[in-house]
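Please look over the sequence and the model before reading on.

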Amino acid sequence: MTDPVCPKCASKHAYPDGSGLWICPECAHEWNPDLISSEEAEGVVKDSVGNILNDGDTVTVIKDLKIKGSSQVIKGGTKIKNIRFADGGNGHDIACKVPGIGNMDLKSEFVRKA
């Protein structure tokens, strides 16, 4: 049997913790491969409160987000239209155009379906 890959970041470096859980050293995600939901196995993306997101949805940012390498901030409450899914790396699974800032990748854990 091969070691499972992390369902969150797809890292191949996961290891067992001895109690039945597997731990990803890259994103710190813990999971039980025997109890993994079919949604995670299919790659379903959920927002911060558990709503399933789809391409083309409108979302709202739930908190102020600093933009790395810039002095700009995406304010909490900013509405972002027409999202699409992409693997931007490091858990950034939403590609979108933020009003007043431009194209950007965001993590789904910082948005809520509008």
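Which element gives the largest share of the lining of the second largest pocket? Strand β10 does, with three residues. The model is a predicted one.

## The second largest pocket

The volume of the second largest pocket is about 340 Å³. Two elements, β5 (65-66) and β10, each give two or more residues to its lining.

In total, 14 residues line the second largest pocket, and K66, K68, H92, D105 and L106 are the ones that lie nearest its centre. By type, the lining divides into six nonpolar, four polar and four charged residues.

## The sheet that holds β10

Strands of a sheet pair through backbone hydrogen bonds, in either a parallel or an antiparallel way. Here, an open sheet is formed by three strands in the order β8-β9-β10, with antiparallel pairing. Strands β8 (84-85) and β10 (102-106) each have a single partner strand and stand at the edges, so one side of each is left without a neighbour in the sheet.

Two bridges pair β8 with β9 (residues 94-98) in the antiparallel sense. R84 has A95 of β9 as its bridge partner, and F85 has I94 of β9.

On the other pairing, β9 and β10 run antiparallel and are joined by five bridges.

How much of β9 is covered? Four of its five residues are buried, and the strand is described as mostly covered.

## The salt bridge

Side chains of opposite charge can pair when their charged atoms come close. How many salt bridges does a search of the whole structure find? The search finds one. Its members are D57 and K113, whose closest N and O atoms are 3.5 Å apart.

The pair links distant parts of the chain, as the two residues are 56 residues apart. D57 lies in the loop between α1 (38-42) and β4 (59-61), whereas K113 belongs to strand β11 (residues 111-113).

The two residues can also be described by their accessible area. D57 has a relative accessible area of 14%, so D57 is buried. For K113 the value is 32%, so K113 is partly exposed.

How values were computed:
Residues are numbered from 1 along each chain as its sequence is written. This is a predicted model: local features need pLDDT of at least 70, side-chain atom pairs count only at pLDDT 80 or more; totals for chains, interfaces and linings use all residues. Side-chain values use heavy atoms; hydrogens and water are left out. Two strands pair if DSSP finds at least two bridges between them. On a 1 Å grid over the protein atoms alone, a cavity is a set of points where a 1.4 Å probe fits but cannot get out, and a pocket is an open set with protein on both sides within 12 Å along at least five of seven lines; lining residues have an atom within 4 Å of a point. Grid points are joined across faces, edges and corners, and a volume is the space filled by probe spheres set on the points. Ala, Val, Leu, Ile, Met, Phe, Trp, Tyr, Cys and Pro count as nonpolar, Asp, Glu, Lys and Arg as charged, and the others, Gly among them, as polar. A salt bridge is a side-chain nitrogen of Lys or Arg within 4 Å of a carboxyl oxygen of Asp or Glu. Buried means under 20% relative accessible area, exposed over 50%, partly exposed in between (1.4 Å probe, protein chains only).
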